Amino acid sequence: MEDMKKIEMKTQDAPVRNHNFEEVSLGYTKKEAMDEASRCLQCKVPKCVEGCPVNIKIPEFIAALKEDNILEAYRIISESSSLSAICGRVCPQERQCEARCIRGIKGDSIAIGSLERYVSDEAFKNGYESLPKVSKINKTVAIVGSGPAGLACAYDLAKEGFDVTIYEVLHKAGGVLTYGIPEFRLPKEIVSAQIEKLEKLGVSIKTNIPIGNAITLNELQEEYDAVFIGTGAGLPRFMGIPGEDASGVFSANEILSRINLMGSFKKDAKTPIKHAKVAYVIGGGNVAMDAVRSLKRLGIDAHIMYRRSEEELPARQMEVIHAKEEEIEFHFLENPVKILVDEENNVIGMEVVDMELVEEEAGGRRGVREIKHSNHEVSCDMVVMALGTGPNHEALKESDIILTEKKLIQVENGKTSLDNVYAGGDVVTGSATVILAMEAGKKAALEIIRRYTGKYQSDK
Amino acid sequence: MYEILKNEKIATNCYLMEVVAKDVIRNAKPGQFVIVMAKEDSERIPLTIYDYDKDSDVLSLIYQVVGASTLELSTISKNLFAVSGPLGKANEICVHPELFKDKKIVYIAGGVGIAPVYPQVKYLKNHHFDIDIIYGAREKELLLIQDKIESVAHKVFYVTDDGSYGDKGFVTNVLEREIQNYDLCVTIGPLIMMKNVSELTRKYHVKTIVSLNPLMVDGSGMCGACRCEIEGKPKFACIDGPEFDGHQVNFDLLIKRMHIYKEEEKEKLLQMEKDLGKDCEVE
């Protein structure tokens, strides 16, 4: 019966970790990894592979792991994913591979994400990273944005011999992996290692360059054989309620950028982060969890306010569990309607209404509405908006690329309306996940490879 | 890393920096800004572009030391860790000079606000505009780049708070006296000055463009720190601006938002002064 339970990954104790920015999950020991791997039934028709957006051959890598062959396990994962140490940590496995696992019907699914992480970390520690031999084909690609979509696209193109240049507006590459996801969930050395791997493959990364201003998309189209746009969904949303321009109201992007990109959590940091006593983070996604847990670690009494109920929380399950252990207080079915300020425009609280769930909206999520006359006040001196992000089209200036009604870039098989321009990730789908952005980057890479090399033509 | 050719003091707390930044200036236009970082762990500082030379790839910036990060910037001499840009929208007159051919234009600058005024007036002079400048500072010593602006402007009115050079008083005193000569105004300088200029020109129905410099982190539309209220709606100064119609800006809100990190910045300045040693203090 023991086989029914998965081996939980050990973590730092909650009362300790909610005061530091070191990684929460400590990773499997070898014995734990082997024991967990041995639970895999090695299905002949593995459903888990279908659940993975990049179709990693999961039973095969687990079989190699069972034989203690990390090198082979890592090779199998790397065939499908260039960012596995990252995905093992941040993918919502409970909705993807692990959701399809046969073991999950009667007990716990195999902890596929934890095994992926173990294999990737071990491979990295032992220097198993084997870069493919590349012969250059004399074709050039410019990639706009160095987030997961751009990195995945760059990796697949570089392997095929393309000369790839990534343009990044910030001073550090990685996009949301660098500025957004905190150290305690995704250590930055792992992100840097993935980026170094790309550079070793010959990819050139140019930071500090705002495409659209420094170089226009038209100029990139002229200069390169193909262009991939993976600029993400960078524009933070606000609620449009009174008082939102108060001095203690921030976007989650700002809080996370100050902490992750600028290192404001360190004592000697040169970029400030606002001192606060009580903070409310509005929203229920991964970004909200990242923001609230970061604020908690700065010694702030940190709360989540989410207008739906716990069941609808869009965040990755593990992040919600960890947040609760870290004494984050959750307020469900409540929503602010006004930010209360003093005469200096500092936040002193919020006026909040209760909400109730109604029938399903298009897309399957429960709708929600305000309960009349339920207004009440809460005290706080910081409010952080984590309401999702919209597309940021600075890079598209002066181009006549076609957008959808939702102002996202219109693509067909990764290709935009412009001849040699491809796009993928949040700039095409709206804000989604790291793995979906990666998948889109890979798909676009495949289209570019097909078009410029003639390889991998589909059977149709 | 970007090579620094010059980083020298030109007046009390005011510095001129010249840095080689080919990618930044290749498509730069008057009115845009850059973000600089002194070192790898430094704060990102937005600065409007003062001058650029597309033949030599040299970007010139003028900045005022006001806190820890600008103090640190004033101490570096070999390399600048980062220059990102150009950012923001270019000045609308410089983008479409043909639409403004019949306008009588005055630029009103305060303090280091003269730096971003210079490339605009220079550009417009090259497009056959006669531009007047009203330039104010606290005292004579703080009037910067006088020879430069005199070489591009039709006429320069100087004004100092203490009367040590030009008229005594504020730029608004001179503007009110001369306003019948103009039908378009561009003003760049301290928020309170831009607010007062905008209030004056509103009275006389003279369109006024202001260049805002709120707090920023990334400068590319990602963080929203720089949001301002324009015509009652939130706009991001980094990508929707930095220039806006002065009559639509909620200046009082913006002035309050400039104080968000007042306490934190005080601490950082003390720390920086300690780290850099006795000789480096904000004067």
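Author: A salt bridge is a side-chain nitrogen of Lys or Arg within 4 Å of a carboxyl oxygen of Asp or Glu. This is a predicted model. By that rule, the count between chain B and chain A is four salt bridges.

Reader: What makes A:Lys270 and B:Glu72 a salt bridge?

Author: Their closest N and O atoms are 2.4 Å apart. The cut-off is 4 Å, so the pair qualifies.

Reader: How many residue pairs are in polar contact across the interface of chain B and chain A?

Author: The rule finds 22, with both residues at pLDDT 80 or more. On the chain B side, α2 (68-73), β8 (82-87), β15 (227-230), α9 (251-257) and α10 (262-276) each supply at least two residues. β8(B) gives the most, six residues. The chain B side divides into 17 nonpolar, ten polar and 16 charged residues.

Reader: What area do chain B and chain A bury between them?

Author: About 3,800 Å², with 52% of it on carbon and sulfur atoms. B:Met222, B:Arg227 and B:Tyr261 supply 18% of the area that chain B buries against chain A, more than any other three residues. The contact takes 43 residues from chain B and 44 residues from chain A.

Reader: Why is B:Asp51 called buried?

Author: Its relative accessible area is 11%. Buried means under 20%, so B:Asp51 is buried. B:Asp51 is found in strand β5 (residues 51-53) of chain B.

Reader: What makes the link between the side chains of B:Asp51 and B:Lys122 a polar contact?

Author: The distance is 3.0 Å.

Reader: Which domains does the assignment give for chain A?

Author: Domain 1 (2-125), domain 2 (140-234 + 391-459) and domain 3 (236-388). The C-alpha centres of domain 1 and domain 2 of chain A lie 27 Å apart.

Reader: How do you know that domain 1 of chain A and domain 2 of chain A are in contact?

Author: By the residues involved: 24 of domain 1 are in contact with 24 of domain 2. Contact means heavy atoms within 4.5 Å. The two domains bury about 2,000 Å² between them, 72% of it on carbon and sulfur atoms. A:Ser82, A:Leu83 and A:Ile86 supply 29% of the area that domain 1 buries against domain 2, more than any other three residues.

Reader: How many salt bridges are counted between these two domains?

Author: Zero between domain 1 and domain 2 of chain A. Four residue pairs are in polar contact across that interface, both residues at pLDDT 80 or more.

Note on methods:
Residues numbered from 1 in each chain as written. Chains lettered and ligands numbered in written order. Predicted model: local features only at pLDDT ≥ 70, side-chain atom pairs only at ≥ 80, totals over all residues. Heavy atoms only, no water. Helix = DSSP H or I, 4+ residues; strand = E, 2+ residues; numbered from the N terminus. Buried < 20%, exposed > 50% of the residue type's maximum accessible area, 1.4 Å probe, protein only. Polar contact = N/O pair within 3.5 Å; in protein donor to acceptor, adjacent residues only side chain to side chain. Domains from an automatic or database assignment. Buried area = accessible area lost by both parts, 1.4 Å probe. Nonpolar A, V, L, I, M, F, W, Y, C, P; charged D, E, K, R; others polar.
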